[in-house]
Amino acid sequence: MGKKISRRLQELQAKVEDRDYAPLDALSLLKETATAKFPEAAEAHIRLGIDPKYTDQQLRTTVALPKGTGQVVRVAVIARGEKVTEASNAGADIVGSEELIDQIQKGMMDFDKLIATPDVMPQVAKLGKLLGPRGLMPSPKGGTVTFDIASAIAEFKAGKLEFRADRTGIVHVMFGKVSFSPEDLLVNLKALQETIDRNRPSGAKGRYWRTVYVSATMGPAIKVDISALRDLKLAEAA
């Protein structure tokens, strides 16, 4: 049996035509179709011409969203010595060494981003089974394994996101809040597109971009004109 679609969603889907929308039009429609009773996020779902089962076709990187995420990001840091003090001074929400590793092992997950210094990674590695499925495991590629703690904390709190293509080659990214203006959402979406282009896997052959859809958390999918998004100059979006 198919999943029953609510009357609310049916009415919203009726507003969306089966065509490629200009980026700004798509984002304006996204705001119009956000009618849930809570503050919805703006989401992008991007199908790429890659097969992540091959190591040279995997995509995992970070994007700095110029207009931020609209969320309060709680950052935890695992470090040693003076780096613990540095993390506290830089605005980390939770800081610790071995005792923080123990707390996480016991189920404490009161954070959105976990940063670790390289010297503690052998100990952090044992948290892999807990953190990996939640996307919280620190990694050099994600910018979360570093000695430059202060910069990492500032970037993630300001709107830096880590993302990856799933095993079907689709990237799912929350790129702002529905409360943002269409213009601000466009600036963030453009930054995401440029990051994906810049980090094209070496093994990606043929057509890289397949489809781009945007939606509110509880809203219908709206197809974006890929060429128009990629050809857009940021000066127009800003």
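Which residues does Lys31 touch, not counting residues up to four places away in sequence? The legends below take that one up, then move on to other spots. A quick note: this is a predicted model, where local features need pLDDT of at least 70, side-chain atom pairs count only at pLDDT 80 or more, and totals for chains, interfaces and linings use all residues. Residues are numbered from 1 along each chain as its sequence is written, and side-chain values use heavy atoms, with hydrogens and water left out.

**View A. Lys31 and its contacts.** Lys31 lies in helix α2; helices (H or I, at least four residues) and strands (E, at least two) are DSSP runs, numbered from the N terminus. Leaving aside residues up to four places away in sequence, Lys31 touches Val178, Ser179, Phe180, Ser181, Pro182 and Leu185, where contact means heavy atoms within 4.5 Å. Take Ser179: it's 148 residues from Lys31 in sequence, yet the two are 7.7 Å apart in space, C-alpha to C-alpha. Lys31 counts as partly exposed because its relative accessibility is 27% (buried is under 20% relative accessible area, exposed over 50%, partly exposed in between, with a 1.4 Å probe and protein chains only).

View B. Thr33 sits in the loop between α2 (23–32) and β1 (41–48). With a relative accessible area of 0%, Thr33 is buried. Not counting residues up to four places away in sequence, Thr33 touches Leu12, Lys15, Gly219, Pro220 and Ile222.

**View C. β1 and its partners β7 and β8.** Seven bridges pair β1 with strand β7 (residues 170–177) in the antiparallel sense; two strands pair if DSSP finds at least two bridges between them. β1 also runs antiparallel to strand β8 (residues 209–216), again with seven bridges. Have a look at Ala42: it stands opposite Gly176 in β7 and opposite Ala216 in β8.

**View D. Helix α3 against helix α7.** The axes of α3 (residues 82–89) and α7 (residues 149–158) come within 9 Å and cross at roughly 30 degrees. So α3 is roughly parallel to α7 (angles under 35 degrees count as roughly parallel, over 145 as roughly antiparallel, 65 to 115 as roughly perpendicular and the rest as oblique). Axes here are lines fitted to C-alpha atoms, for helices over the stretch in contact, and angles run from 0 to 180 degrees between N-to-C directions. On the α3 side, Lys83, Glu86 and Ala87 meet Ile149, Ala150 and Ile153 of α7.
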